[in-house]
Amino acid sequence: MKAEAVEPGEASTIIAAPKRGINRGISIADLILRGVAVIGTFASALAMGTTTETLTIFAQPIMIRAKYNDLPSLTFFVIANSIVCGYLVLSIPLSISHFIRREARITRIILVIFDTAMVELLTAGASAATVVVYLAHKGNANANWLAICQQFNNFCGRLSGSLVGSFASIIMIMLMIIASAVALSRH
(Lines give C-alpha, C1' and ligand atoms only; values in the text may rest on other atoms or scores of the structure.)
Protein backbone atom coordinates (compact mmCIF):
# COMPACT_ATOMS: atom_id res chain seq x y z
CA MET A 1 0.00 0.00 0.00
CA LYS A 2 1.40 3.35 -1.06
CA ALA A 3 1.00 6.53 1.03
CA GLU A 4 -0.44 9.47 -0.88
CA ALA A 5 1.67 12.60 -0.80
CA VAL A 6 0.01 15.84 0.19
CA GLU A 7 1.14 18.85 -1.80
CA PRO A 8 2.32 21.96 0.05
CA GLY A 9 -0.62 24.17 0.90
CA GLU A 10 -3.12 21.32 0.99
CA ALA A 11 -4.56 19.87 4.12
CA SER A 12 -6.30 16.60 4.71
CA THR A 13 -9.93 16.50 5.81
CA ILE A 14 -8.83 15.34 9.23
CA ILE A 15 -7.02 18.61 9.84
CA ALA A 16 -9.70 20.82 8.21
CA ALA A 17 -12.56 19.59 10.42
CA PRO A 18 -11.16 20.88 13.73
CA LYS A 19 -10.29 24.19 12.05
CA ARG A 20 -13.94 24.68 11.15
CA GLY A 21 -14.99 23.86 14.71
CA ILE A 22 -12.46 26.24 16.19
CA ASN A 23 -13.60 29.09 13.93
CA ARG A 24 -17.21 28.40 14.94
CA GLY A 25 -16.19 28.48 18.61
CA ILE A 26 -14.35 31.75 18.07
CA SER A 27 -17.44 33.20 16.36
CA ILE A 28 -19.61 32.16 19.31
CA ALA A 29 -17.13 33.62 21.79
CA ASP A 30 -16.98 36.86 19.78
CA LEU A 31 -20.76 37.18 19.83
CA ILE A 32 -20.98 36.49 23.57
CA LEU A 33 -18.19 38.97 24.34
CA ARG A 34 -19.92 41.61 22.21
CA GLY A 35 -23.16 41.06 24.11
CA VAL A 36 -21.45 41.38 27.48
CA ALA A 37 -19.57 44.50 26.32
CA VAL A 38 -22.84 46.06 25.10
CA ILE A 39 -24.40 45.50 28.51
CA GLY A 40 -21.31 46.89 30.28
CA THR A 41 -21.02 50.04 28.18
CA PHE A 42 -24.76 50.69 28.24
CA ALA A 43 -24.98 50.23 32.01
CA SER A 44 -21.91 52.43 32.55
CA ALA A 45 -23.27 55.24 30.39
CA LEU A 46 -26.69 54.95 32.00
CA ALA A 47 -25.37 54.87 35.56
CA MET A 48 -23.05 57.83 34.99
CA GLY A 49 -25.56 59.81 32.93
CA THR A 50 -28.30 59.59 35.55
CA THR A 51 -26.05 60.26 38.53
CA THR A 52 -27.07 63.26 40.58
CA GLU A 53 -27.21 63.97 44.28
CA THR A 54 -28.27 67.01 46.26
CA LEU A 55 -26.81 67.83 49.65
CA THR A 56 -28.63 70.21 51.99
CA ILE A 57 -26.63 72.07 54.58
CA PHE A 58 -28.88 72.58 57.61
CA ALA A 59 -26.88 75.37 59.23
CA GLN A 60 -27.53 77.55 56.20
CA PRO A 61 -30.32 77.21 53.64
CA ILE A 62 -27.92 76.04 50.94
CA MET A 63 -28.39 73.12 48.60
CA ILE A 64 -25.33 71.73 46.84
CA ARG A 65 -25.92 69.53 43.83
CA ALA A 66 -23.46 67.12 42.27
CA LYS A 67 -24.11 66.03 38.67
CA TYR A 68 -21.98 64.11 36.22
CA ASN A 69 -22.13 66.89 33.61
CA ASP A 70 -20.54 69.37 36.01
CA LEU A 71 -17.20 67.81 35.06
CA PRO A 72 -16.16 67.52 31.37
CA SER A 73 -14.24 64.30 32.03
CA LEU A 74 -17.39 62.55 33.20
CA THR A 75 -19.33 63.92 30.20
CA PHE A 76 -16.62 62.52 27.91
CA PHE A 77 -16.96 59.19 29.72
CA VAL A 78 -20.71 59.05 29.01
CA ILE A 79 -20.21 60.02 25.36
CA ALA A 80 -17.40 57.47 24.87
CA ASN A 81 -19.43 54.65 26.44
CA SER A 82 -22.47 55.60 24.35
CA ILE A 83 -20.47 55.61 21.10
CA VAL A 84 -18.85 52.26 21.88
CA CYS A 85 -22.22 50.77 22.89
CA GLY A 86 -23.75 51.95 19.62
CA TYR A 87 -20.85 50.52 17.62
CA LEU A 88 -21.09 47.18 19.41
CA VAL A 89 -24.82 46.92 18.74
CA LEU A 90 -24.26 47.72 15.05
CA SER A 91 -21.42 45.18 14.81
CA ILE A 92 -23.49 42.28 16.19
CA PRO A 93 -25.04 41.42 12.78
CA LEU A 94 -21.55 41.30 11.28
CA SER A 95 -20.47 39.02 14.09
CA ILE A 96 -23.50 36.79 13.49
CA SER A 97 -22.58 36.58 9.80
CA HIS A 98 -19.36 34.81 10.83
CA PHE A 99 -21.48 31.78 11.76
CA ILE A 100 -22.74 31.58 8.19
CA ARG A 101 -19.51 32.46 6.41
CA ARG A 102 -16.74 31.15 8.60
CA GLU A 103 -14.10 32.06 6.04
CA ALA A 104 -15.06 35.76 6.05
CA ARG A 105 -11.61 37.29 6.27
CA ILE A 106 -12.33 40.88 5.21
CA THR A 107 -15.13 41.39 7.74
CA ARG A 108 -12.94 40.03 10.52
CA ILE A 109 -10.18 42.48 9.56
CA ILE A 110 -12.72 45.33 9.58
CA LEU A 111 -13.95 44.26 13.02
CA VAL A 112 -10.40 44.10 14.37
CA ILE A 113 -9.67 47.63 13.12
CA PHE A 114 -12.87 49.13 14.51
CA ASP A 115 -12.68 47.11 17.75
CA THR A 116 -9.20 48.51 18.29
CA ALA A 117 -10.41 52.07 17.74
CA MET A 118 -13.32 51.52 20.12
CA VAL A 119 -11.16 50.04 22.88
CA GLU A 120 -8.92 53.11 22.58
CA LEU A 121 -11.90 55.47 22.87
CA LEU A 122 -13.34 53.55 25.79
CA THR A 123 -9.98 53.46 27.56
CA ALA A 124 -9.58 57.22 27.12
CA GLY A 125 -13.03 57.89 28.56
CA ALA A 126 -12.57 55.50 31.47
CA SER A 127 -9.14 56.91 32.28
CA ALA A 128 -10.40 60.49 32.27
CA ALA A 129 -13.26 59.56 34.58
CA THR A 130 -10.97 57.54 36.85
CA VAL A 131 -8.93 60.64 37.66
CA VAL A 132 -12.04 62.56 38.68
CA VAL A 133 -13.40 59.68 40.75
CA TYR A 134 -10.04 59.24 42.48
CA LEU A 135 -9.98 62.93 43.39
CA ALA A 136 -13.58 62.72 44.59
CA HIS A 137 -12.66 59.83 46.90
CA LYS A 138 -9.22 60.96 48.09
CA GLY A 139 -8.94 64.65 47.32
CA ASN A 140 -5.57 66.38 46.92
CA ALA A 141 -4.15 68.28 49.87
CA ASN A 142 -1.47 69.96 47.77
CA ALA A 143 -4.06 71.53 45.46
CA ASN A 144 -6.57 72.13 48.30
CA TRP A 145 -9.11 69.81 46.70
CA LEU A 146 -11.23 68.18 49.34
CA ALA A 147 -12.65 64.70 49.01
CA ILE A 148 -16.39 65.02 48.36
CA CYS A 149 -17.36 61.38 48.70
CA GLN A 150 -17.89 61.67 52.44
CA GLN A 151 -20.80 64.01 51.70
CA PHE A 152 -22.00 62.57 48.37
CA ASN A 153 -22.00 58.82 49.07
CA ASN A 154 -24.55 57.77 46.44
CA PHE A 155 -22.98 59.97 43.78
CA CYS A 156 -19.51 58.51 44.30
CA GLY A 157 -20.81 54.96 44.54
CA ARG A 158 -22.53 55.22 41.17
CA LEU A 159 -19.43 56.81 39.63
CA SER A 160 -17.27 53.96 40.88
CA GLY A 161 -19.76 51.34 39.71
CA SER A 162 -19.92 52.79 36.22
CA LEU A 163 -16.12 52.72 36.03
CA VAL A 164 -16.12 49.02 36.91
CA GLY A 165 -18.56 48.31 34.08
CA SER A 166 -16.50 50.32 31.64
CA PHE A 167 -13.21 48.64 32.52
CA ALA A 168 -14.89 45.23 32.28
CA SER A 169 -16.06 46.19 28.79
CA ILE A 170 -12.52 47.17 27.89
CA ILE A 171 -11.37 43.68 28.84
CA MET A 172 -14.22 42.12 26.78
CA ILE A 173 -13.27 44.13 23.69
CA MET A 174 -9.60 43.21 24.12
CA LEU A 175 -10.62 39.54 24.23
CA MET A 176 -12.70 40.07 21.07
CA ILE A 177 -9.65 41.50 19.30
CA ILE A 178 -7.55 38.53 20.38
CA ALA A 179 -10.25 36.08 19.27
CA SER A 180 -10.54 37.76 15.87
CA ALA A 181 -6.75 37.73 15.47
CA VAL A 182 -6.69 34.01 16.26
CA ALA A 183 -9.46 33.38 13.74
CA LEU A 184 -7.57 35.38 11.11
CA SER A 185 -4.37 33.47 11.74
CA ARG A 186 -6.20 30.17 11.21
CA HIS A 187 -7.32 31.09 7.65
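**A helix pair and a pocket**

The helices α3 and α4 pack at an angle of about 155°, and their axes are 9 Å apart. Helices here are DSSP runs of H or I with at least four residues, strands are E runs of at least two, and both are numbered from the N terminus. Axes are lines fitted to C-alpha atoms, for helices over the stretch in contact, and angles run from 0 to 180 degrees between N-to-C directions. Over 145 degrees counts as roughly antiparallel, and α3 and α4 are therefore roughly antiparallel to each other. The residues in the contact of α3 with α4 are 20 nonpolar, 9 polar and 3 charged.

This is a predicted model: local features need pLDDT of at least 70, side-chain atom pairs count only at pLDDT 80 or more, and totals for chains, interfaces and linings use all residues. Residues are numbered from 1 along each chain as its sequence is written, and side-chain values use heavy atoms, without hydrogens and water.

Just after α3, Gly139 has a positive phi of about 75°.

Now the largest pocket. A pocket is an open set of points on a 1 Å grid over the protein atoms alone, where a 1.4 Å probe fits, with protein on both sides within 12 Å along at least five of seven lines; lining residues have an atom within 4 Å of a point. Lining the largest pocket are, among them, Lys67, Asp70, Trp145 and Phe155. Which element gives the most to that lining? It is α3, with 3 residues. By class, the lining has 10 nonpolar, no polar and 2 charged residues.

Conventions:
Ala, Val, Leu, Ile, Met, Phe, Trp, Tyr, Cys and Pro count as nonpolar, Asp, Glu, Lys and Arg as charged, and the others, Gly among them, as polar. Angles under 35 degrees count as roughly parallel, over 145 as roughly antiparallel, 65 to 115 as roughly perpendicular and the rest as oblique.
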